[in-house]
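Please look over the model shown here before reading on.

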Amino acid sequence: MKTLLATLACSATLLLGSTARADDLNAMLQQALADKSVPAMAILVIRDGKVHAQAQAGVRATDGQDAVRADDVWNIGSDGKAMTVTLIARLVERGVLSWDAPLSSMLPALSEGMRAEYRDVNLADLLAHRTGLPANPDEAWINSTYTDTRALPLLRQEYARRALADAPVATPRGESHYSNSGAMIAAAIAERVTGKTYEALMQAEVFGPLGMQAAFGPTVRGQNLGHKEGKPIAGLMASNPLMMAPDGEIHLSMGDWAKFALDQLQGEQGKGKLLKQETYVFLHTAQGDTNAALGWGVMHFPPQAPQRVLTHLGSNGYWHALIALAPGSGDGLLIAANAGEGSSAQASQQQMAKTIMTSFGKAGK
């Protein structure tokens, strides 16, 4: 998130035509894919609250010749955190959860072993990365859950127990320190209170109402695959452990991702399907003296005529995705690549974002 903000602070070196036609997007993709470290990439542009243009280019896997298609799925990594936040917000609106309840009361079974610094933090603190929690608890233990046969809610409770026993890296409710534990603990709380799995809750509360087709975990042969060191990766190890789904292990098509993005954009205008208008505004508002909202980073761009933009980057190491939404103008941008660490995906996507976001909010879109 911080990297995106820093990159976009620079002025754009290329201005995209205000129409953002598919031909323009294809040209950008071809330029990005000239670096062979990225097999494929897709981009979707939203203008004035509507999908305006979409394009994709490249191959599903470097050991084959199947071209990516418009309906192929992409892993969006931590860009899925905003979806987890929306699930939690739905439960808060119904009175099942509360933004203000202390963590010690939401996870009473873990209260005794919880460090004192975390006992009074709440859901808003968790989802805006303002708890002081480290980025992850014991990563060796996380990796061991690939083969752990216990139910996912039990593993998420164990994750929460371990995370809340770790020493904080900062004082709660101060600066924002990005942590995967916030979304994980919030999901564990939702599972405990409802008696349903995170996966079932997401289908009932987010995917279903928006008509989205989305799934968790690795993609499979015959579809788009993530890549490690230039080679396609499939099977169990092609994603983070399934336990980590609330943190960002969602894969879906660009069109389905756009359904969520459009609802977030329309929500602030009182036209969202999932939440009350004031709830969308709350989720999209930076907390304290930070640039962190709930599931989003908040910035102002472009420099010449700044407007509020919600942003996030996502990767599980084998994919990379970027989202930027401007609720004030109804403009947005989604980009995904089937390559992550060690590739040029992130740098290319940031350059595309810098280019396209310069036209956000302009008349004559």
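**Sheets, helices and spaces in a predicted model**

Three strands make up an open sheet in the order β3-β7-β4, and their pairing is antiparallel; two strands pair if DSSP finds at least two bridges between them, and strands (E, at least two residues) and helices (H or I, at least four residues) are DSSP runs numbered from the N terminus. This is a predicted model, in which local features need pLDDT of at least 70 and side-chain atom pairs count only at pLDDT 80 or more, while totals for chains, interfaces and linings use all residues. Residues are numbered from 1 along each chain as its sequence is written, and side-chain values use heavy atoms, with hydrogens and water left out.

- β3 pairs with β7 (residues 250-253) in the antiparallel sense over 3 bridges, and N75 has H251 of β7 as its bridge partner.
- Helix α11 (residues 254-267) lies across β3 and β7 and runs at about 105° to β7, where contact means heavy atoms within 4.5 Å.

**The six-stranded sheet**

- Another open sheet has 6 strands in the order β2-β1-β11-β10-β9-β8, with antiparallel pairing, and its edge strands, β2 (50-58) and β8 (297-301), each pair on one side only.
- β8 and β9 run antiparallel and are joined by 5 bridges, with F301 standing opposite Q307 in β9.
- Helix α2 (residues 22-33) lies across β1 (40-47) and β2, at about 35° to β2.

**Helix packing**

- α3 and helix α9 (residues 198-210) pack at an angle of about 90°, their axes being 10 Å apart.
- The two helices α3 and α9 are therefore roughly perpendicular to each other, a term for angles of 65 to 115 degrees, whereas those under 35 count as roughly parallel, those over 145 as roughly antiparallel and the rest as oblique.
- Residues making this contact include M83, L87 and R90 of α3, together with L201, E205 and F207 of α9.
- The contact residues divide into 10 nonpolar, 2 polar and 2 charged; Ala, Val, Leu, Ile, Met, Phe, Trp, Tyr, Cys and Pro count as nonpolar, Asp, Glu, Lys and Arg as charged, and the others, Gly among them, as polar.

**Pocket and cavities**

- On a 1 Å grid over the protein atoms alone, a cavity is a set of points where a 1.4 Å probe fits but cannot get out, and a pocket is an open set with protein on both sides within 12 Å along at least five of seven lines, while lining residues have an atom within 4 Å of a point.
- The largest pocket holds about 720 Å³ of space, a volume being the space filled by probe spheres set on grid points that are joined across faces, edges and corners.
- Of the 31 residues lining this pocket, N180, N240, S315, N316 and E341 are the closest to its centre, and the lining has 10 nonpolar, 16 polar and 5 charged residues by class.
- The search of the whole structure finds 2 cavities of 30 Å³ or more, and the largest cavity, of about 40 Å³, has K81, V85 and H129 among its lining residues.
- The second largest cavity also has a volume of about 40 Å³, and its lining includes N75, H251, N316 and W319.

Technical notes:
Axes fitted to C-alpha atoms, helices over the stretch in contact; angles between N-to-C directions.
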